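This briefing covers selected strands, loop residues and ring arrangements. Please look over the sequence and the structure first.

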Amino acid sequence: MAAGADLREHTPMMQQYLRIKAQHPGVLLFYRMGDFYELFYEDAERASRLINITLTRRGTSAGAPIPMAGVPVVSVEQYLARLVKLGESVALCEQIGDPAASKGPVERKVVRIVTPGTLTDAGLLAHKADAALAAVAIDSRRQLAGIAWLVLANGDLRATSCPRSRLASELARVAPSEVLIADDQRNLLPPLQAAVQAVPDWHFDATRGAQLLRQQLQVATLQPFGVEDAPELLAACAALLTYAQQTQAERLAHVSTLKLERESDYVVLDPVTRRNLEISEPLRDEDGPTLFRLLDHCATGMGSRRLRHWLHHPLRDAAMARARHALVGALIEGERHAAVLEALRPVPDLDRIAARVALKSARPRELAALRDSLPHLEQAALLAATLPGPLAGELAAQARPPAGLHALLTARLLPQPAFAPRDGDVIAAGCDAELDELRALRDNAGAFLVELEARERQRTGIANLRVEYNRVHGFFIEVTQGQLAKVPEDYRRRQTLKNAERYITPELKAFEDKALSAQERARVRERALYEALLAQLAPQVAALLRCADALASLDALAALARHAQAARWVAPELTAAPGLELSGTRHPVVEGQIESYMPNDCALSPQRRLLVITGPNMGGKSTYMRSVALCALLAFAGSWVPASRARFGPLDRILTRIGAADDLARGASTFMVEMTEAAAILNQATETSLVLMDEIGRGTSTFDGLALAGAIARELAEKNRCHTLFATHYFELTQLADSLPEVANVHVAATEHRGKVVFLHEVRDGAASRSYGLAVAQLAGVNAAVVRRARALLMQLEERAAGTRPQLDLFAAGAAPAAAEVEPHDALRERLAELDVDALAPREAVALLYELKAQAQAR
């Protein structure tokens, strides 16, 4: 293509474009030309395909037509948002030179690179979720992975180390929007939903990482941050900070600290568990209910993001979780949560505004929103100060906005400033004498023209003389053809019309020069004053971020309090005694979607570690298990829980194996996914883990599945010794309770009425008496003839099994015994003895008679 030709063969403008493009390969270059951002060559063709903008060919360069596409400057954010959502990165190339003073192409340079992980503009960011940029450094020799990540929109920089085997789980926890990896380690990354950027290996240099961190954090040593002796973390930080600084073309002044996270900080939730518990993402319908959506009564975006983070990061520190419980309780008293939420409702995204101030990209209306919200911040801080406990006192102290900030912004900004400094009308009157003079010249033009018109009519005697303006010819005096003889000598002809002549005078020309330049000069002056205001606000960024951090937590706690009060939740007890005790527990999401919910109890302890749960499909086994896990998650996240009483001992992780789904994209069948998840649980579960296993082994043949389910259940009970809820349709597994005292049987109750199953959704002690599979099939709409045939086949299978071997004992010591000899018996007589004649419907009775007759003839 033409872009590959010698630069000298191209026009001067395209030479400039190609030089800039060569510095930013792999990203779409938005090249500013007046009121549009233009794309050329492959970028134009690619953008046209991705976001459906018109592709044209205009002009030639190096003898070939130039493919081009463009988007308006005023609506660029919507196009950037679409491209970023597709995982694309965009370099914004602006005109920085003066077109009037430029002899060749106007000087341009890339001022910012927009990537999925480096978003700071409000229009590109999700309101209730963070966009994080992560860098992963893998130490193959030590089998360690270092992860560093940065939320550029609020300056939150964190890092953690983990074994390579846990890299996928840690990345699922961090949930970055974009991941950086060294070129030679690209194939070591697990599959991700995030955009992946491979960067040169030298970016991951630990020595350079230590130097960049010291410069960024403005410290002499990294020892207080715990990363000085962790080369994998220093290497990840090196790549992360390099990439972030390159994309912003600014120092990251708001990134002032580094938090090292350790596995012991949080209750571990692997990717499968996060998905199965539907914490913030529904399993099926994209708009379906989730725990986060249920609890998100937050007044601000930063409160919603804090709540989401808490739900995905339950604390192992019981003291911190108890402090949140206490503050939720204090907010419930007298419904103080309502006052807090009302005070916070007008507050904008304070943390994101502070970050944009640091990056010198905050817009005037964002500063105006900050100004208008400061009295509400004061009110929220005062409300926090009335709450009991050290956590409330800490939040109240941090929530106070910087002194003098409101007065500064009120004095410097117009009450309703324009969208951008380039639009003018941002800075308040009285701040700058030069700006006031230029505005007066611009705004008083109308009065001057009226006065000039009156003077010229009197001087010339031309009663219909008019002084006017248009954008093409500027200011002029118009005289009709019949009055041309009265035109003075100092009038200079500017334009001839059919019935009139237009003139300019020295006085009008002098005014025109001033007036037409006043508006542009006013805009230039306003931009300079606005940049000075941002510089004056920069020292306040750290205080604003502390304030935002405190208010986000207060908002999240108020939202939790509001829901806890409305849904009749209780404060959980967190104790050192192992296990958990729940009375009247409910599933927090499901209980709000049905008219009548049956609460249930659950008790797990060192003497009762594994519950084998049996019962029919649709009986509520999965809902029961999820309700227990969600109660545990909520308790350690600092929330009250949906129960009448709740106690939890230490908890290190929640692991789940629920449901079945083929992973065809990765070539894994239902059974393979099931076994992979089961293996992960067996490898990770400890004595303080909560494990949910739902119908393990159903993806293969009956005996294979039964054998595997039995072996896995025994391993969890005897070796892992974790607290386990084990739902199954294999009734043989109920025998485990006979050989292991720490295993107990429970079942979800159901009954059959007039041939139809009735689910009671109540968890009772003991094993289920039957599975009600045929009744469930009938309830699902399987036609009656198929159900009758299935019932007949079921009886034959049961008789055959009963006549050939005794009940299989999976848990007998040693090898399973051979089938014992059994005495012949009369199957027809036994079948008749088992019949409940009163429960048979007429048609079922007739079908049964035919079936018994057929069996008698066969014998």
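Buried means under 20% relative accessible area, exposed means over 50%, and partly exposed is in between (1.4 Å probe, protein chains only). By that definition Phe448 is buried, and so is Phe511. This is a predicted model, in which local features need pLDDT of at least 70 and side-chain atom pairs count only at pLDDT 80 or more, while totals for chains, interfaces and linings use all residues. Residues are numbered from 1 along each chain as its sequence is written, and side-chain values use heavy atoms, with hydrogens and water left out.

- Helices (H or I, at least four residues) and strands (E, at least two) are DSSP runs, numbered from the N terminus; two strands pair if DSSP finds at least two bridges between them.
- Strand 8 covers residues 144-151, and seven of its eight residues are buried, so the rest of the structure largely encloses it.
- Strand 7 (residues 133-139) runs antiparallel to strand 8, and seven bridges join them.
- These two strands form a hairpin with four residues between them, and Gln143 in the turn has a positive phi of about 55 degrees.
- Strand 9 (residues 156-163) is also antiparallel to strand 8, with eight bridges joining the two.
- Four residues separate the strands in the hairpin of strand 8 and strand 9, where Gly155 takes a positive phi near 80 degrees.
- Gly146 of strand 8 is the bridge partner of Ala137, and Gly146 also stands opposite Ser161 in strand 9.

**Two loop residues**

- Asp121 lies in the loop between strand 6 (108-114) and strand 7.
- With 5% relative accessibility, Asp121 counts as buried.
- Contact means heavy atoms within 4.5 Å; leaving aside its neighbours within four places in sequence, Asp121 is in contact with Glu77, Arg112, Arg356 and Arg363.
- A polar contact is a pair of N or O atoms within 3.5 Å; within protein, one must be able to donate a hydrogen and the other to accept it, and residues adjacent in sequence count only if both atoms are side-chain atoms.
- The side chains of Asp121 and Arg112 make such a polar contact, at 3.1 Å.
- Ser361 is in the loop between helix 12 (350-358) and helix 13 (364-385), and its relative accessibility of 26% makes it partly exposed.
- Apart from neighbours within four places in sequence, Ser361 is in contact with Arg356 and Glu366.
- Ser361 and Thr496 are 135 residues apart along the chain, and their C-alpha atoms are separated by 48 Å.

**Aromatic rings**

- Rings of Phe, Tyr and Trp (its six-membered ring) pair if their centres lie within 6.5 Å; planes under 30 degrees apart count as stacked, over 60 as edge-to-face and the rest as tilted.
- A search of the whole structure finds nine aromatic pairs.
- One of them is the tilted pair of Phe30 and Tyr37, with 6.0 Å centre to centre and 40 degrees between the planes; both residues are buried.
- The ring centres of Phe448 and Phe511 are 4.0 Å apart and their planes are at 20 degrees, so this pair is stacked.
- Phe448 lies in helix 17 (residues 445-460) and Phe511 in helix 18 (residues 506-537), so the pair ties together parts that are 63 residues apart in sequence.
- Ring pairs link Phe448, Tyr469, Phe475 and Phe511 into a cluster.

**Charges over rings**

- A charge sits over a ring if NZ of Lys or CZ of Arg is within 6 Å of the ring centre and within 35 degrees of the ring normal.
- Arg308 lies over the face of Phe292, 4.6 Å from the ring centre.
- Arg324 lies over the face of Trp310, 4.0 Å from the ring centre.
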